[in-house]
Amino acid sequence: MIVQQVFIKGIAHSSYLLGGDKFCAVIDPSRDVDVFLDMAFDMGWKITHILETHLHADFISGHVDLMKRTGADIFVPGSANCEFDAVSVSEGDIFVIEDMSIKVMDTPGHTPEHVSYVVTDRARGVDPVCVFCGDTLFVGDVGIPDLFPGKAEELASELYDSLHEKLLCLPFL
């Protein structure tokens with residue numbers, strides 16, 4: 001299992017490639033999909049999964065362009081009710097890429113439909129080894145819950161629960 005980060009300074013956004021021997025997923029892809037195509041090519045990976053943690057308000061996602069160029073499936077929170085072709089996921093769903101098992105965890109708060117992807121590298125063991133949590137949890141900070149007018153208190157409460165009842169309970173945090 002290899003994780004590679006793509007960071008865009010101007011908007012402080014991180015995307016990731018999660019790869020095995022031959023296949024990989026792109027998590028929260030930014031608009032410039034050539035970056036991911038080049039990185040995957042350099043690693044000898046085929047992009048088979050595109051994972052969105054939430055609908056993004058601060059940048060334009062490259063998920064549809066990446067899907068058109070690779071044929072990869074887009075995975076999105078089911079409660080987002082997206083109108084583009086995608087696989088809807090929710091709490092407890094599990095999918096596999098090579099030796100990696102990826103479990104979906106509903107983590108609303110930054111946005112109502114937010115999910116996190118908990119990864120277990122089964123070649124190393126049965127415990128999860130990383131989580132892709134979008135804009136829910138940062139180093140030393142959390143995502144903002146005030147993007148939706150009139151819902152800030154509700155989302156702040158959900159964010160607290162997502163952090164304290166789920167993410168911070170993971171064995172590696």
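**Close-up views of a predicted model**

**View 1. The largest pocket and the strands that line it.** In this predicted model, the strands β2 (13-19), β10 and β11 (137-138) each supply at least two residues of the lining of the largest pocket. The largest share of that lining, three residues, belongs to β2. In total 17 residues line the pocket, and those nearest its centre are Y16, C133, G134, L137 and F138. The volume of this largest pocket is about 400 Å³.

**View 2. The open sheet of β7, β8, β9 and β10.** Four strands form an open sheet in the order β7-β8-β9-β10, and their pairing is antiparallel. Because β7 and β10 stand at the edges and each has a single partner strand, one side of each is left without a neighbour in the sheet. From one strand to the next, the twist averages 25°.

**View 3. The pairing of β8 with β9.** The antiparallel strands β8 and β9 are joined by seven bridges.

**View 4. The nonpolar cores.** The largest nonpolar core has 16 residues, of which L18, L51, F95, I102, Y117, V119 and F132 touch the most other members. Two or more residues of this core come from each of β3 (23-27), β7 (94-97), β8 (100-106), β9 (115-121) and β10 (130-132).

**View 5. The surroundings of L51.** Leaving aside residues up to four places away in sequence, L51 touches A25, V26, I27, D28, P29, F75, F95 and Y117.

Notes
Residues are numbered from 1 along each chain as its sequence is written. This is a predicted model: local features need pLDDT of at least 70, side-chain atom pairs count only at pLDDT 80 or more; totals for chains, interfaces and linings use all residues. Side-chain values use heavy atoms; hydrogens and water are left out. A nonpolar core is a set of buried Ala, Val, Leu, Ile, Met, Phe, Trp, Tyr and Cys residues joined through side-chain atoms within 4.5 Å. Buried means under 20% relative accessible area, exposed over 50%, partly exposed in between (1.4 Å probe, protein chains only). Contact means heavy atoms within 4.5 Å. Two strands pair if DSSP finds at least two bridges between them. Axes are lines fitted to C-alpha atoms, for helices over the stretch in contact, and angles run from 0 to 180 degrees between N-to-C directions. On a 1 Å grid over the protein atoms alone, a cavity is a set of points where a 1.4 Å probe fits but cannot get out, and a pocket is an open set with protein on both sides within 12 Å along at least five of seven lines; lining residues have an atom within 4 Å of a point. Grid points are joined across faces, edges and corners, and a volume is the space filled by probe spheres set on the points.
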